[in-house]
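Here is a short briefing on one protein model. Please look over the sequence and the structure before reading the notes.

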Amino acid sequence: MVSRPNTTFNAPDSLEVRVWDWRARLVDRVAAMDVTTIEKLTELDKHLVDPEFMIKLFEDFTDAIIVTDANGAIQLVNKQAELLFCYPRAELYNQSVECLLPKRLRDQHVKDRALFANKPEARQMGSNRAHLVGLTKDGLEMDLQIMLTPIVLAKGLFVVTTIRQ
């Protein structure tokens, strides 16, 4: 069991956690915490509200991560996703996530996305299929394991897709 130090964290009236895109531009205010919540943070928890930590976590995660909005437009891509799909992130930004699928699967994926949006819950994709297939920029198909995590913000639904080959 890990014990946490009993520390006091003096904080302002509120704290915003911000997410920065790959060009270090503010994308969205992710969360605002009131003073009571902040005062409950221990020294070990403080890194969770540190933007530098969150960016490093996202970028250096061992799996590919793609974040899409409710319409399936790609909003964020980490380094592993660039390597896996052979696309620079600038080319993927605001593109439909279906660009990463073989053409034969795209229409069905649009329908599947709509169903997911109606009942968003964290789950593994493909439980009813033999395998999932992705498409690289070079046109190579690859089998994938995919996990979906919905994130609901004031701005709407976002889907964090974790991808492993």
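In which strand is D69 found? D69 lies in strand β3, residues 64-69; helices (H or I, at least four residues) and strands (E, at least two) are DSSP runs, numbered from the N terminus. This is a predicted model, in which local features need pLDDT of at least 70, side-chain atom pairs count only at pLDDT 80 or more, and totals for chains, interfaces and linings use all residues. Residues are numbered from 1 along each chain as its sequence is written, and side-chain values use heavy atoms, with hydrogens and water left out.

- D69 is buried but has no salt bridge. Buried means under 20% relative accessible area, exposed over 50%, and partly exposed in between (1.4 Å probe, protein chains only). A salt bridge is a side-chain nitrogen of Lys or Arg within 4 Å of a carboxyl oxygen of Asp or Glu.
- The nearest side chain of opposite charge is R113, 6.4 Å away from D69; Lys and Arg count as positive and Asp and Glu as negative, while His and the chain ends are not counted.
- D69 touches Q75, L157 and F158, not counting residues up to four places away in sequence; contact means heavy atoms within 4.5 Å.

- Strand β7 (residues 141-153) runs antiparallel to β6, and four bridges join them; two strands pair if DSSP finds at least two bridges between them.
- M142 in β7 is the bridge partner of G134.
- Five residues lie between the strands of this hairpin, where G139 has a positive phi near 90°.

**Positive phi in loops**

- Most residues other than glycine have a negative phi.
- C86, in the loop between α3 (79-85) and α4 (89-92), has a positive phi near 60°. C86 is partly exposed, with a relative accessible area of 36%.
- N94, in the loop between α4 and α5 (103-118), has a positive phi near 70°. N94 is partly exposed, with a relative accessible area of 46%.

**Nonpolar cores**

- The largest nonpolar core has 21 residues, and F85 and I163 have the most contacts inside it. Such a core is a set of buried Ala, Val, Leu, Ile, Met, Phe, Trp, Tyr and Cys residues joined through side-chain atoms within 4.5 Å.
- β7 gives the most to this core, with four residues.
- A second, separate core of five residues includes F58, I65, V67 and L76.
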